[in-house]
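Okay, thanks for making time, everyone.

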2 protein chains.
Amino acid sequence: MENSAEEMTRVDHRKLKRFVASSFEKLGVPKEDAEIAANVLVQADLRGVDTHGVIRFSPHAWYVKWLTEGSLTARPKLRVISESATTALIDGDRGMGMVIGHRAMEMAIEKAKSAGVAMVGVRNSRHYGMSAYYGMLALPHDMIGIAMTNASRQVVPTFGREARFGTNPMCFAVPADKELPFVLDMATTTAAAGKLELAARLGKSIPGGWALDENAAQTTDPRMAQKARRLLPLCGTRESGSHKGYGLAILVEILCGVLTGTITALNANQDPRGHFFGAIRVDAFRPVAEFKRDMDRLITELRSTPTVVGQERVYVAGEIEFETAQERAEHGIPLHDSVLKGLRQVAEQLGVAYDLE
Amino acid sequence: MENSAEEMTRVDHRKLKRFVASSFEKLGVPKEDAEIAANVLVQADLRGVDTHGVIRFSPHAWYVKWLTEGSLTARPKLRVISESATTALIDGDRGMGMVIGHRAMEMAIEKAKSAGVAMVGVRNSRHYGMSAYYGMLALPHDMIGIAMTNASRQVVPTFGREARFGTNPMCFAVPADKELPFVLDMATTTAAAGKLELAARLGKSIPGGWALDENAAQTTDPRMAQKARRLLPLCGTRESGSHKGYGLAILVEILCGVLTGTITALNANQDPRGHFFGAIRVDAFRPVAEFKRDMDRLITELRSTPTVVGQERVYVAGEIEFETAQERAEHGIPLHDSVLKGLRQVAEQLGVAYDLE
């Protein structure tokens, strides 16, 4: 939403999803999988998480490139490595993270239905897009959803000058009653890596505390930061609490990497990823109606907090994204010219009908 | 460890634990419970988490005061509200959080032994001290331990000017092989509330981004901050990522408060607390030996990161606390004169033998 309006075109989300799904199919992805993957990407764009949407859908970037060159498995054979009533470990056969993540989270939800609590780890997957998608799958089941993934090495530990781990995001989604669900989806860096790309595209500078340059000094130039790949952990400096951001990133690496066997922190090869999913049935603890009533009370209490000077509202996690999704579902998703160019190139390359503009 | 040496006396941790346990017994706490509670407090002092140790043990503060006046139940009747193979919800009868937390975490571990994963919520408890104590109980069982608690209202939401929730800490403890375990124990504020007290006692100022004053402006005066009770969430400002710290604090409130029925964010009465404990059996996913080998690799990789100018080491979560505990076990726990004064007063009030100096 920080983009200047004149370079943006509003695109209908249903058309966009059909286009992306058709393109995935042309690339050899089974129809059902193509629809899941398209949905994950377009949900990100709908929710305003532009860094995890179709900005990644061009012949030169990510999924299309990887599928074209064959480094991403179009028809992966998922394999259960270990399983119990409450847990599973899945090998993703280097297939699309969006599809594997969807199926693994569904498995966690199914197990939680009977067991109350369940956790599913994934090894040998690839980039899975927006964490919130998976966490939110738990909401219709009156469960708390958890989703995490490790990511390629581009974050320095507190006091360190070289990257050792990824932006390692975590999502927690919690149902409410009349209020919107609580959906916390956060990179464990101050900013997700895609925010550098967005700033670079728009020619904007980035705040201090986000990233180091190649000499390990703080930089406000997004292109320098992209080149150096030395993001700072959440909070930036030790005094502001970066040891906590660093610690949370390693927690994500432990659950997604060490528990599964795909540790990006030990691997200069950026491709394989590990994920971790969890589902907690609310009524294993309290009646759902009581829980949701109290969620509404908590959310109302937070939203009604008086603001500091210069601010109009206090938000609850996920609120802005829900509002954005509603607006974009109605008026279309604003896509930058450079993103549309990538989509047109995909259409040409694959021979897919293009009806987005 | 920031205290000036001349005001500190080294006290043997075994003597300190015996003194605290004897005092709890005099206050009507059963022997076994008194030993558990004393152990939790002294473990905090051993690990250098001075804010959660015997600094809270004087006739005018916390446990002793509450037990004396009867607002804290010395012999609580714990009640299981709901239970399954993987979950439980316990009512703590307003007993000591240290004792209730210990028993609830043990219950989670027992359940995880057979179920693989388990979670136990607690309502109607009181302040439980240092979160790391509970998470670390999982380590000898080759499990990942989780412990969280809500806390009294003294933190503002991002953009808010009035406190709505607590410092809500979370701990994750993970076993390694030859390396020290990973133990992340963090308040979801930039600094734990006790750090204000420590700074105030020592006449030091606090960094910006920690707290607001009574006019909702940032302050560096710890006494102003203590009076206003308006701490900022982890990361301080929105630009530095405080919406993530705020989100994590609310996640803790949801798991400890909404899931249990003791929501401190809705309650100006600061007494009752909710906790949340979890245990994950490593071998439900991967063989323990493989997991621990990879934990060692990850920890070694992080510790060997080259440092930025002016820093000597990159740490892993928990490392400093383990080193401190080793040193203090050998040479004694350095206690500030004002803390010793409180202990002497407790000894006089209760008629407990005092042999600490």
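Some housekeeping. This is a predicted model, so local features need pLDDT of at least 70 and side-chain atom pairs count only at pLDDT 80 or more, while totals for chains, interfaces and linings use all residues. Residues are numbered from 1 along each chain as its sequence is written, and chains are lettered from A and ligands numbered from 1 in the order in which they are written.

So, domains. Chain A is split into domain 1 (1–75 + 332–357), domain 2 (77–188 + 236–303) and domain 3 (191–230); such bounds come from an automatic or database domain assignment. Between the centres of domains 1 and 2 of chain A there are 24 Å, over C-alpha atoms. Where they touch, 15 residues of domain 1 of chain A meet 14 of domain 2 of chain A, contact being C-beta atoms, placed from the backbone, within 7 Å. On the domain 1 side, helix 2 (31–46) of chain A gives the largest share, seven residues. Helices here are DSSP runs of H or I, at least four residues, and strands are runs of E, at least two, numbered from the N terminus.

Now the two chains. Each of chains A and B puts 63 residues into the contact. How is chain A related to chain B? A rotation of 180 degrees with 0.0 Å of shift along its axis superposes them, RMSD 0.0 Å, and that is a two-fold axis.

Last stop: strand 5 of chain B, residues 143–149. Seven of its seven residues are buried, so the strand is largely enclosed by the rest of the structure. Buried means 20 or more other C-beta atoms, placed from the backbone, within 10 Å of the residue's own. B:Met143, B:Gly145, B:Ala147 and B:Thr149 point one way, and B:Ile144, B:Ile146 and B:Met148 the other.

Strand 5 of chain B has antiparallel partners: strand 11 (residues 273–281) of chain B, through seven bridges, and strand 6 (residues 170–174) of chain B, through four. Pairing takes at least two DSSP bridges. B:Thr149 sits opposite B:His275 in strand 11, and B:Met148 opposite B:Met170 in strand 6.

Key
Two residues are in contact if their C-beta atoms, placed from the backbone, lie within 7 Å. A residue is buried if 20 or more other C-beta atoms lie within 10 Å of its own, exposed if 12 or fewer, and partly exposed in between; C-beta atoms are placed from the backbone. Copies are superposed by least squares on the C-alpha atoms of residues with pLDDT of at least 70 in both.
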